[in-house]
Amino acid sequence: MSLHGLIAEFENSEELLHAARSARAEGYRRFEAYCPEPVEGLAEAMGLKDSGVAFAVLFAALIGAAIGYMLQYYALGLDYPINTGGRPLNSWPIFIVITFELAILFGGIAAFLAVLILSGLPRPYHPVFNVPGFERVSRDRFFLVIESADERFDEERTRRFLLSLGPREVSEVAD
Amino acid sequence: MPERPTTGQLVPRPPVIAPDYTPGSVTDAISEIVLKKPHTVPWLAAFAVTSLVVLGFLAGIGVLLFVGVGIWGINIPVAWGFAITNFVWWIGIGHAGTLISAILLLLHQEWRNSINRFAEAMTVFAVTCAALFPLLHLGRAWLFYWLIPYPNLMSLWPQFRSPLVLDVFAISTYFTISLLFWYLGLIPDFATLRDQATSRFQRIFYGIFAMGWRGAGRHWHHYQMGYLLLAGLATPLVVSVHSVVSIDFAYALLPGWHSSIFPPYFVAGAIYSGFAMVITLTIPLRKFYGLDGLVTDRHIDNMAKLLLATGLVVDYGYLMEMFTAWYSAERYEMFTLYNRMTGPYAAVFWLVLAINIGVLQLLWIRRVRRHLLSLFVLSLVIQSAMWLERYMIIITALHRDFLPRSWGMFAGTFWDWLLVIGSIGLFFWLFLLFVRYIPMISIFEGREMVHKAAREAGVR
C-alpha cells in the first residue's frame with residue numbers, strides 16, 4: 001500500500017486557513033485544503049493563481065459572437081441574398097440579437113466546462129475518499145492533505161508539522 | 001455592546017435564517033427531506049393528480065399532431081390564440097427565477113440563498129413548458145429543425161431578420177444557461193447527498209451527479225468564479241429574452257402591438273408574474289416541509305415587496321400604452337384602445353386592470369404581506385390576471401384590425417383549455433419530482449448563511 005499523503009482534520013475555517021498558510025510558509029507546495037463551503041481567503045492562503053475560468057469565458061463568448069454574426073452575414077448576405085425594398089444586405093442592427101445570444105451561449109457553456117476541467121472533474125475515485133470520516137467534508141469539517149509527492153514530504157516530519165497545527169486528528173491517506 | 005439604532009424601523013425585521021441552526025443541522029434539515037423522509041400521502045396524492053393531468057396533456061398533443069392546429073380556436077384573423085398566450089406566460093414565469101438566482105446574487109442580497117434553488121428549478125420547468133407551445137403551434141411540429149440554421153439540400157436558411165427566428169435562439173440559449181446554472185449550483189449539494197446517503201443506491205445515484213466533487217480549495221476557487229460569471233451572463237440574457245419575445249409583437253404593424261414600449265413593459269410583466277409563482281410555490285413548500293427556519297417571514301415579505309414594485313412598473317406600462325395611443329391621435333391606435341375598453345373582450349380588459357392595478361395595492365399593507373393565506377391567494381389571482389393580460393394583448397389587437405370586413409372573433413376550444421391545464425400539470429409534476437429527489441434549498445449556501453449570521457452576532 002503506497003501512501004497518498006497525510007490528512008489533518010479541523011473544526012472550523014479559521015483553523016484551516018491558518019493550516020494552509022503555515023503549510024505554504026513551511027515550503028510545502030503539493031497540498032490541498034477541503035471545506036464544506038467556500039472559505040474567504042483560502043485561495044490566497046494556498047497560493048492559487050487567478051482562476052482561468054474568466055479567460056475561458058471571455059474567449060468563448062468572443063468566438064460565439066463571431067460565429068453568430070458571420071453565420072447571419074454569410075446566410076443572408078452572401079449565400080442567399082434577399083433584397084427587401086433596397087435595404088442593405090448587411091443589416092447589422094437586427095443581426096446583433098443572435099450575435100449576443102450566441103456570445104452568451106458559448107460563454108455560459110465555457111464557464112460550466114471550464115469549472116469542471118480546471119477542477120479535474122468528473123473524477124469518481126480519489127484517494128481522500130478512503131479516509132474514514134472524510135464524508136463530513138460536505139457537512140461541517142475541514143481537512144488539509146499534504147501529498148507524499150511533495151518534495152519536502154517526510155512522513156515523520158510532516159506528521160509532526162500537522163500535529164503542531166492543533167488538528168482533531170492526523171491520519172494517513174492510502175493511495 | 002452598543003444598542004442597534006431603531007430609527008425608521010418600528011417593527012424589527014425577521015432574520016434570514018433561524019438563529020439556532022448550525023452548519024451540521026442545516027445540512028441535515030435539507031438533505032433528510034431527500035434522503036430519509038418517506039413519501040407522504042399529500043405528496044403521493046398530488047403526484048397522482050398531476051400525473052393524470054400530464055397524461056391528458058400528452059393526449060392533447062397527440063390529437064393535435066394527428067389532426068392539426070384546426071382543433072384549436074385559431075383562424076384568420078386571430079391566428080395566435082392560446083398557444084402564444086401560454087408561451088409568453090410561461091416564459092415570463094421563468095424570469096423571476098433568473099432574477100432571484102443571478103441578479104440578486106450580483107447585488108449581494110444574501111436572503112436569496114434560501115429560495116434560489118427552487119426558483120431556478122421553477123425557471124427550468126417553466127421554460128420547458130413555454131418552449132413546447134411555439135413548436136406545437138408550427139402545425140407540422142416534426143419539422144421544427146427547419147428553424148435551426150444548418151446546410152441543407154433545400155439550400156435555404158432561416159430568415160434571421162425575423163423575430164420568430166430570434167426567438168429560437170433566445171429561448172434555446174435561455175434554457176441551456178438556466179439548466180447549466182442550476183446544475184452547477186447543485187454539484188456541491190449532490191456531493192453532500194452522496195456523503196450523507198443512507199443506502200448504496202443513493203450513494204451511487206447522487207455520486208454520479210456529484211462527479212467526484214470533494215470540496216477542495218481548488219474546486220471552490222474555480223467554482224466561485226464560474227458561478228459568478230454565469231450569473232453575470234444570465235443577467236443581460238434574461239432581459240434580452242423577454243425583449244425578443246416582445247418584438248414578436250412589436251415588429252408587426254398592427255395597432256396595439258406596434259409599440260416601442262413593449263420590451264421593458266414585457267420584461268416587467270414577466271418578472272411580476274414570476275414572483276407571483278415563486279410565492280405560490282414557497283408558501284406550501286415551507287409549510288409541508290417545516291422550513292420556516294430557512295425560508296423565514298423576511299423572505300416572504302421581501303418577495304411580496306418585489307411583487308408590488310414590479311407590478312407598479314407594469315401599471316406604468318399600461319398607462320403609457322394608453323397614453324401613447326391617445327397622444328398619437330392615430331385613428332387605428334385609438335380604435336384598438338377603444339375596442340379594448342368597450343368591445344367584446346372589454347370584460348377581460350377591465351378585469352386585468354382591476355387586479356393588476358387595483359388589487360395589487362393591497363400589498364402596501366404589511367399585514368397582507370405577512371398573512372400567508374391572503375398572500376397565497378393574491379399570488380394565484382395575479383398569475384391568472386397576467387395570463388389574461390397576454391390573452392387580451394394578443395386577441396384584441398388581432399380580432400379587429402384595419403378593415404371591418406376582415407374582423408372576427410376568437411374563443412378557446414376544449415383542446416385549447418386542455419393544453420393550458422396540461423402544461424400547468426406538467427410544471428407541477430416536474431416540481432413535485434424535484435422536491436423529492438433534489439435538495440430544494442441550496443445546502444452549502446445555507447451553511448454559508450449560518451456562518452455569516454454567527455459572525456454578525458459575534459460582531460454585535
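1. The largest nonpolar core holds 201 residues, and the members that touch the most others are A:Leu144, B:Trp90, B:Phe431 and B:Phe434. Helix 5 of chain B (residues 163-196) gives the most to this core, 17 residues. A nonpolar core here is a set of buried Ala, Val, Leu, Ile, Met, Phe, Trp, Tyr and Cys residues joined through side-chain atoms within 4.5 Å. Buried means under 20% relative accessible area, exposed over 50% and partly exposed in between, with a 1.4 Å probe and protein chains only.

2. A word on conventions before going further. This is a predicted model, where local features need pLDDT of at least 70 and side-chain atom pairs count only at pLDDT 80 or more, while totals for chains, interfaces and linings use all residues. Residues are numbered from 1 along each chain as its sequence is written, chains are lettered from A and ligands numbered from 1 in the order in which they are written, and side-chain values use heavy atoms, with hydrogens and water left out.

3. On confidence, chain A averages a pLDDT of 87, and 99% of its residues score at least 70; pLDDT is the predictor's confidence in each residue, from 0 to 100. Within chain A, the lowest mean is 81, in strand 4, and the highest is 94, in helix 4 (residues 92-118). Helices (H or I, at least four residues) and strands (E, at least two) are DSSP runs numbered from the N terminus.

4. Chain A is assigned domain 1 (3-49 + 128-174) and domain 2 (53-118), with bounds from an automatic or database domain assignment. Their centres, taken over C-alpha atoms, are 45 Å apart.

5. Now the sheet: chain A has an open one of four strands in the order 2-3-1-4, with antiparallel pairing. Its edge strands, each pairing on one side only, are strand 2 (31-34) and strand 4 (169-174). The twist averages 20° from one strand to the next. Strands count as paired if DSSP finds at least two bridges between them, and strands 2 and 3 (residues 142-147) of chain A have four. Across that pairing, A:Ala33 is the bridge partner of A:Leu144, and A:Tyr34 that of A:Phe143.

6. Which way do the residues of strand 2 of chain A point? A:Phe31 and A:Ala33 point one way, A:Glu32 and A:Tyr34 the other, and all are buried. In a regular strand the side chains alternate between the two faces of the sheet. Helix 1 (residues 13-25) of chain A lies across strands 1 (3-10), 2 and 3, running at about 15° to strand 3; axes are lines fitted to C-alpha atoms, for helices over the stretch in contact, and angles run from 0 to 180 degrees between N-to-C directions.

7. Two loop residues are worth a look. A:Ser119 is in the loop between helix 4 and strand 3 of chain A and, at 7% relative accessibility, is buried. Leaving out residues up to four places away in sequence, A:Ser119 touches A:Ala114, B:Arg218, B:His219 and B:His222, where contact means heavy atoms within 4.5 Å. B:Trp364, in the loop between helix 11 (346-358) and helix 12 (366-370) of chain B, is exposed at 53% relative accessible area.
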